[in-house]
Amino acid sequence: QVQLQESGPGLVKPSQTLSLTCIVSGGSITTNYYAWSWIRQPPGKGLEWMGSIVYNGDTYYNPSLKSRASISRDTSKNQFTLHVSSVTPEDTAVYSCARRNDYHFDYWGQGTQVTVSS
């Protein structure tokens with residue numbers, strides 16, 4: 001059974017960089033076929049895919065983030081990390097990590113609330 005768990009600060013100040021880590025168990029992030037992803041949901045809005053990192057380390061991002069987002073990984077710890085720079089209150093959301101196969105996101109973390117406020 002694959003499990004994902006987000007970790008990181010719940011409060012970030014405007015203009016700072018937000019960093020969240022997803023710790024994966026029950027499956028390797030270097031296994032072919034899957035994309036390890038970050039998704040967020042601002043209050044009162046829908047889900048927004050932010051980006052993914054695949055088995056070989058290649059990354060893909062939502063263009064709407066205008067290059068503020070990046071994803072890195074630590075294969076020795078089987079985890080991947082989201083960085084969002086120059087955050088504003090509009091980045092306040094529940095952030096979730098998830099695994100995607102060819103068809104859908106099949107495993108999700110529980111999600112973590114991040115608030116951007118001074």
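Strands here are DSSP runs of E at least two residues long, numbered from the N terminus. With that in hand, welcome to a predicted model whose elements, read from the N terminus on, run β-β-β-β-β-β-β-β-β-β-β. That makes 11 strands and zero helices.

**The protein as a whole**

- The radius of gyration is 13 Å, which agrees with the value near 13 Å that a compact globule of 118 residues would have.
- Taken along the principal axes, the box filled by the C-alpha atoms is roughly 40 × 25 × 25 Å.
- Of the 118 residues, 41% are buried.
- The protein exposes about 6200 Å², and 48% of that area comes from carbon and sulfur atoms.
- If you count contacts between residues at least 6 apart in sequence, 53% of them join residues at least 24 apart.
- There are 9 positive and 8 negative side chains, and the centres of these two sets lie 5 Å apart.

**Strand 5 and its setting**

- Strand 5 covers residues 48-54, and five of its seven residues are buried, so the strand is largely enclosed by the rest of the structure.
- As background, side chains in a regular strand alternate between the two faces of the sheet.

**Pairing with strand 4**

- Strand 4, residues 35-41, pairs with strand 5 in the antiparallel sense, over six bridges.

**Pairing with strand 6**

- On to strand 6, residues 59-61: this strand runs antiparallel to strand 5 and is joined to it by three bridges.
- Here Gly51 has Tyr61 of strand 6 as its bridge partner.
- This hairpin has four residues between the strands, and Gly57 takes a positive phi near 95 degrees.

**A closer look at Ile53**

- Setting aside neighbours within four places in sequence, Ile53 is in contact with Tyr34, Ala35, Trp36, Asp58, Thr59, Ile71, Ser72, Arg73 and Phe80.
- One of those contacts, Tyr34, is 19 residues from Ile53 in sequence, and the C-alpha atoms of Ile53 and Tyr34 are 8.8 Å apart in space.

Methods
Residues are numbered from 1 along each chain as its sequence is written. This is a predicted model: local features need pLDDT of at least 70, side-chain atom pairs count only at pLDDT 80 or more; totals for chains, interfaces and linings use all residues. Side-chain values use heavy atoms; hydrogens and water are left out. The radius of gyration is taken over C-alpha atoms; the globule rule is 2.2 Å times the number of residues to the power 0.38. Buried means under 20% relative accessible area, exposed over 50%, partly exposed in between (1.4 Å probe, protein chains only). Contact means heavy atoms within 4.5 Å. Accessible areas come from the Shrake-Rupley method with a 1.4 Å probe; for residues, only the protein chains shown count as cover. Lys and Arg count as positive and Asp and Glu as negative; His and the chain ends are not counted. The place of a charge is taken as NZ of Lys, CZ of Arg, CG of Asp or CD of Glu. Two strands pair if DSSP finds at least two bridges between them.
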